[in-house]
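Let's work through a few exercises together. Keep the structure open beside you and try each task before reading its solution.

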Amino acid sequence: MKKFWRAGDRSRAICEDCGVVETRFEYRTYPLEKPRVDVPDVLVAVCSVCDRIVAVPYQSSPRLNEARKAAEAPLEARIPKHLEDVLAVVASHYGRNDSEFRNVILRYYLHALGESDALARHIRELASGELARGAADERLSVKVQKPVLTRAWDTARNAGVRSKTDMVKGAIIAAAEDLDSAEGKERRETLVEMAASV
Ligand SMILES: [Zn+2]
């Protein structure tokens, strides 16, 4: 059987600040970074010198995974097949043609849209343009952090976007347009960095 730790147990680990130290196991609130959410009552190993969390035992993984899942919402849309191609071309432009990075692009545009009424209005226009039309034969599903999705959809709706599907379609076309437009420069630079780091 795997070793299970209990609150109060002691072990050793490396603390970034203090070096090799004695640790003690405690239930604490654990700050997840991606998505950013505080998870209460997670068993962690704490540095006995400086009191910071230095390790998370295996037995705490299910609880953290559950919190991760709960903080994300699935965004589902049916879009024309050619928009999948558009998204793939955008991803390739950044040197990445994997589905993970295609999702990163979508999440990034939803985030950007939530921050900008101007981009939201532009996405509304793109979603009713020629390129957005076609049989909705491709199922797209992407996990988005709940606050990001809520803000994106609120902003999009205020700008007159009719549905989440239109929001996704417009976001994909905006990403393609940004590849060689002056307005897209900042977003392009951000995506170059993200392509190198995620
Ligand atoms: Zn320490």
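**Exercise 1. At what angle do the axes of helix H2 and H3 cross, and which residues make the contact?**

Step 1: Find helix H2 at residues 81–93 and helix H3 at residues 99–115. Helices (H or I, at least four residues) and strands (E, at least two) are DSSP runs, numbered from the N terminus.

Step 2: The two axes come within 9 Å and cross at roughly 100 degrees. Axes are lines fitted to C-alpha atoms, for helices over the stretch in contact, and angles run from 0 to 180 degrees between N-to-C directions.

Step 3: H2 and H3 are therefore roughly perpendicular to each other (angles under 35 degrees count as roughly parallel, over 145 as roughly antiparallel, 65 to 115 as roughly perpendicular and the rest as oblique).

Step 4: Leu87, Ala88, Val90 and Ala91 of H2 meet Phe101, Arg102, Ile105 and Leu106 of H3, where contact means heavy atoms within 4.5 Å.

A note on the model: it is predicted, so local features need pLDDT of at least 70 and side-chain atom pairs count only at pLDDT 80 or more, while totals for chains, interfaces and linings use all residues. Residues are numbered from 1 along each chain as its sequence is written, and side-chain values use heavy atoms, with hydrogens and water left out.

**Exercise 2. How do H3 and H6 cross, and which residues meet?**

Step 1: Helix H6 covers residues 164–178, and its axis comes within 10 Å of the H3 axis, crossing at roughly 100 degrees.

Step 2: On the H3 side, look for Ile105, Leu106, Tyr109, Leu110 and Leu113. Their partners in H6 include Met167, Val168 and Asp178.

**Exercise 3. Which atoms coordinate the zinc ion, and what is their arrangement?**

Step 1: The SG atoms of Cys15, Cys18, Cys47 and Cys50 coordinate the zinc ion at 2.3 to 2.4 Å. Donors are N, O and S atoms within 2.8 Å of the metal (3.2 Å for Na, K and Ca); water is not among the atoms, so sites may look incomplete.

Step 2: Along the chain, the donors follow the spacing C-x2-C-x28-C-x2-C.

Step 3: The four donor atoms subtend angles of 107 to 113 degrees, which makes the arrangement tetrahedral (four donors count as tetrahedral if all angles lie between 85 and 135 degrees).

**Exercise 4. Where is Arg139, and which residues does Arg139 touch?**

Step 1: Arg139 lies in strand E6, residues 138–145.

Step 2: Not counting residues up to four places away in sequence, Arg139 touches Glu76, Ala77 and Arg78.

Conventions: Four donors count as tetrahedral if all angles lie between 85 and 135 degrees; four count as square planar and six as octahedral if opposite donors are over 155 degrees apart and all others between 65 and 115; anything else is irregular.
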